[in-house]
Amino acid sequence: MTSTGRQTSSYDADGVVAEVSRPDGDPRGVAVVAHGAGGDRNAVILRAIAAELCDRGLVVARIDLPYRQRRPKGPPSPSTAAADREGIVAACAAFRGESSGPLIVGGHSYGGRQASMAVAEDAELADGLLLTSYPLHPPGKPERLRTEHLPSVTTPTVIVHGSTDPFGTTAEMADAVALIAGPTRVVEIEKVGHDLKPDRKPTAALTADAVVEFLLTDGGRR
């Protein structure tokens with residue numbers, strides 16, 4: 001790991017609300033990450049990943065999705081999912097200029113799902129996609145797969161998955177990843193579920209390693 005200083009500040013403009021961590025020196029890229037259905041920009045998993053990515057030289061924006069900006073608690077509504085994707089697009093536009101390097105978009109669970117749908121709709125949105133605990137199906141309902149858009153994802157993608165995640169088994173996740181049109185790398189965290197336990201496991205460090213090795217090099221973008 002490359003250790004650097006970092007400063008974090010709040011951002012609130014043009015419908016984008018975020019905490020932005022910036023490394024000392026010239027950043028090598030930008031990451032825009034969104035929270036899961038029950039969280040916000042200060043979710044433990046996002047803070048852990050942001051710290052690791054920033055220590056590796058990336059500007060990291062942890063954003064509040066539009067539904068969370070409207071109300072501090074509660075899950076998103078399917079009827080406003082398109083607006084949440086628009087919020088992700090707006091955040092990418094707001095922070096792309098922070099670095100001449102690649103822009104990576106993604107997030108945890110619901111946030112990652114909406115980011116994946118956004119890049120499926122517009123491949124130029126980002127240079128890399130980061131999905132942590134992709135919610136492949138509702139727990140106990142494997143027939144309700146959320147995979148329709150995956151064949152349209154051509155962006156290089158890192159997927160971080162807990163081996164005991166009730167939203168998708170390792171085998172189910174492998175089948176889903178095979179649908180993604182672009183290059184992929186899967187990081188499996190053993191003996192953790194949907195929250196990925198960043199306080200007990202090296203989840204954030206392994207995630208950041210994969211981002212740097214796969215999304216910030218030519219390997220993931222060929």
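## Surroundings of His-137

Leaving aside residues up to four places away in sequence, His-137 touches Pro-142, Arg-144, Leu-145, Arg-146, Pro-166, Phe-167, Gly-168 and Glu-172, where contact means heavy atoms within 4.5 Å. The model is predicted: local features need pLDDT of at least 70 and side-chain atom pairs pLDDT 80 or more, while totals for chains, interfaces and linings use all residues. Residues are numbered from 1 along each chain as its sequence is written, and side-chain values use heavy atoms, with hydrogens and water left out.

His-137 lies in the loop between strand 6 (128–132) and strand 7 (157–162). Strands (E, at least two residues) and helices (H or I, at least four) are DSSP runs numbered from the N terminus. With a relative accessibility of 3%, His-137 is buried; buried means under 20% relative accessible area, exposed over 50%, and partly exposed in between (1.4 Å probe, protein chains only). The side chains of His-137 and Glu-172 are joined by a polar contact of 2.9 Å. Such a contact is a pair of N or O atoms within 3.5 Å; within protein, one must be able to donate a hydrogen and the other to accept it, and residues adjacent in sequence count only if both atoms are side-chain atoms.

## Cysteines

The whole structure has zero disulfides, a disulfide being a pair of cysteine sulfur atoms within 2.5 Å. The cysteine sulfur closest to that of Cys-54 is in Cys-92, 17 Å away, so it is too far for a bond. Cys-54 is buried at 0% relative accessibility, and Cys-92 is buried at 2%.

## Cavities

There are three cavities of 30 Å³ or more. A cavity is a set of points, on a 1 Å grid over the protein atoms alone, where a 1.4 Å probe fits but cannot get out; lining residues have an atom within 4 Å of a point. Points are joined across faces, edges and corners, and a volume is the space filled by probe spheres set on them.

The largest cavity holds about 50 Å³. Its lining has eight nonpolar, no polar and no charged residues, among them Leu-131, Tyr-134 and Met-173. Helix 5 (residues 170–177) gives the largest share of this lining, three residues.

The second largest cavity has a volume of about 40 Å³. Its lining includes Gly-15, Asp-64 and Gln-69. Two or more lining residues come from each of strand 2 (16–23), strand 4 (58–64), helix 2 (66–70) and helix 3 (81–95). By class, six are nonpolar, three polar and one charged. Ala, Val, Leu, Ile, Met, Phe, Trp, Tyr, Cys and Pro count as nonpolar, Asp, Glu, Lys and Arg as charged, and the others, including Gly, as polar.

Conventions
1 Å grid on protein atoms, 1.4 Å probe; cavity = no way out; pocket = protein on both sides within 12 Å on 5 of 7 lines; lining within 4 Å.
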